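This briefing covers the nonpolar cores, the helix packing and a few selected residues. Please keep the sequence and the model open while reading.

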Amino acid sequence: MEEKFNVKWNRALIFSVLFLAMVILALGDGYKGVLLPIIKDELSASHEQIGFLNSAVSFGNVLASLLAAFALNHFGIKKTLIAGYLIVFGVMISFLFLPTFGVVTAAFSLLRFGFVIYLMGINGLAATATSSPGKMLTLTHFFYGFGAIFGPTLAGFFLNNNIFTWETIFPATSVLVVVVLLITLPTKMPQIKSSAGHSQEEKREQSKVSIGKILRMPEVWLFAVTASFLGQLEISTSL
């Protein structure tokens, strides 16, 4: 009886992690579109600087995608999630101390880096936590949509009513990052499994594929180009 309770409790924790982490990600993405015009005016940024910020965010996105795959394989889901949370938390707090647009650009790039690090962990968790990974991944990204709907509206409300400024809205949201971190710590996370059912640690040597071989696969380039267009559209419009 106690074991069944523990299993159900752990599933509830996993569900909470998926929901809250994706909502935080969506809120952060939604805030940017509302905040950037204000930041541009207050810090007297040019259109060229805005374009560079957009490119810097894309760079953080790509770099995190590469490193997150390494982190998942070598450190597991939980440690990858925690690393992403800590980066996001630190960057959100730093918005209290950003004196120039150049530093703001670095902050947005690092924020996206941290978000993508833990997003890869979330995707890994959703894909391995249940026997229906497709349904869980769909539900997980529904949580993102939930936050994306309310993020811009909340940001507009907070700013319009002087509840928060562009410098304080991210630090205030960092409280949610602390909450999801505290939920994640006691949660038992599944190991990433290979197609044969063995852990990645057990199958690492057999599953090694050279980067050169990967780059020679036409489908990889097709996926890369498609994802690049979709990612750029998403990031550009959110900024």
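A nonpolar core is a set of buried Ala, Val, Leu, Ile, Met, Phe, Trp, Tyr and Cys residues joined through side-chain atoms within 4.5 Å. Buried means under 20% relative accessible area. The model discussed here is predicted. Its largest nonpolar core has 53 residues.

**Nonpolar cores**

- Within the largest core, the residues with the most contacts are Leu81, Tyr85, Tyr118 and Phe170.
- Two or more residues of this core come from each of helix H1 (2-42), helix H2 (47-94), helix H3 (101-128), helix H4 (133-160) and helix H5 (169-184).
- The most is given by H1, with 15 residues.
- A further core, of 5 residues, lies apart from the largest one, and its members include Ala64, Phe113, Val116 and Ile117.
- In soluble globular proteins, nonpolar side chains tend to be buried together.

**Tyr118 and Ile77**

- With residues up to four places away in sequence not counted, Tyr118 touches Ala21, Ile24, Leu25, Thr80, Leu81, Gly84, Tyr85 and Val88.
- Ile77 is a residue of helix H2.
- Ile77 counts as buried because its relative accessibility is 3%, against a cut-off of under 20%.
- Along the chain, Ile77 and Tyr118 are 41 residues apart, and their C-alpha atoms are separated by 8.8 Å.

**Packing of H2 with H5**

- The angle between H2 and H5 is about 160°, and their axes are 9 Å apart.
- H2 is therefore roughly antiparallel to H5, as angles over 145 degrees count as such.
- The crossing in which H2 passes H5 is left-handed.
- On the H2 side, the contact is made by Lys78, Leu81, Ile82, Tyr85, Leu86, Val88, Phe89, Met92 and Ile93.
- On the H5 side, the contact is made by Phe170, Pro171, Thr173, Ser174, Val177, Val178, Val180, Leu181 and Thr184.
- By class, the residues of the contact of H2 with H5 are 14 nonpolar, 3 polar and 1 charged.

**Thr173 in H5**

- Thr173 is placed in helix H5 and is among the residues that make the contact of H2 with H5.
- Thr173 counts as buried because its relative accessibility is 6%.
- Its neighbours within four places in sequence left aside, Thr173 is in contact with Tyr31 and Met92.
- Met92 is itself one of the H2 residues in the contact with H5.

**Packing of H3 with H4**

- H3 and H4 pack with their axes 7 Å apart, at an angle of about 140°.
- H3 and H4 are therefore oblique to each other, because angles count as roughly antiparallel over 145 degrees and as roughly perpendicular from 65 to 115.
- H3 passes H4 in a crossing that is right-handed.
- H3 makes this contact through Ile122, Asn123, Ala126 and Ala127, and H4 through Pro133, Met136, Leu137, Thr140 and His141.
- The residues in the contact of H3 with H4 comprise 6 nonpolar, 3 polar and no charged.

**Packing of H2 with H3**

- H2 and H3 cross at roughly 35°, and their axes come within 4 Å.
- The crossing of H2 past H3 is right-handed.
- The contact of H2 with H3 holds 31 nonpolar, 13 polar and 1 charged residues.

Note on methods. Residues are numbered from 1 along each chain as its sequence is written. This is a predicted model: local features need pLDDT of at least 70, side-chain atom pairs count only at pLDDT 80 or more; totals for chains, interfaces and linings use all residues. Side-chain values use heavy atoms; hydrogens and water are left out. Buried means under 20% relative accessible area, exposed over 50%, partly exposed in between (1.4 Å probe, protein chains only). Contact means heavy atoms within 4.5 Å. Axes are lines fitted to C-alpha atoms, for helices over the stretch in contact, and angles run from 0 to 180 degrees between N-to-C directions. Angles under 35 degrees count as roughly parallel, over 145 as roughly antiparallel, 65 to 115 as roughly perpendicular and the rest as oblique. A crossing is left-handed if the near helix is turned anticlockwise from the far one by less than a right angle, and right-handed if clockwise. Ala, Val, Leu, Ile, Met, Phe, Trp, Tyr, Cys and Pro count as nonpolar, Asp, Glu, Lys and Arg as charged, and the others, Gly among them, as polar.
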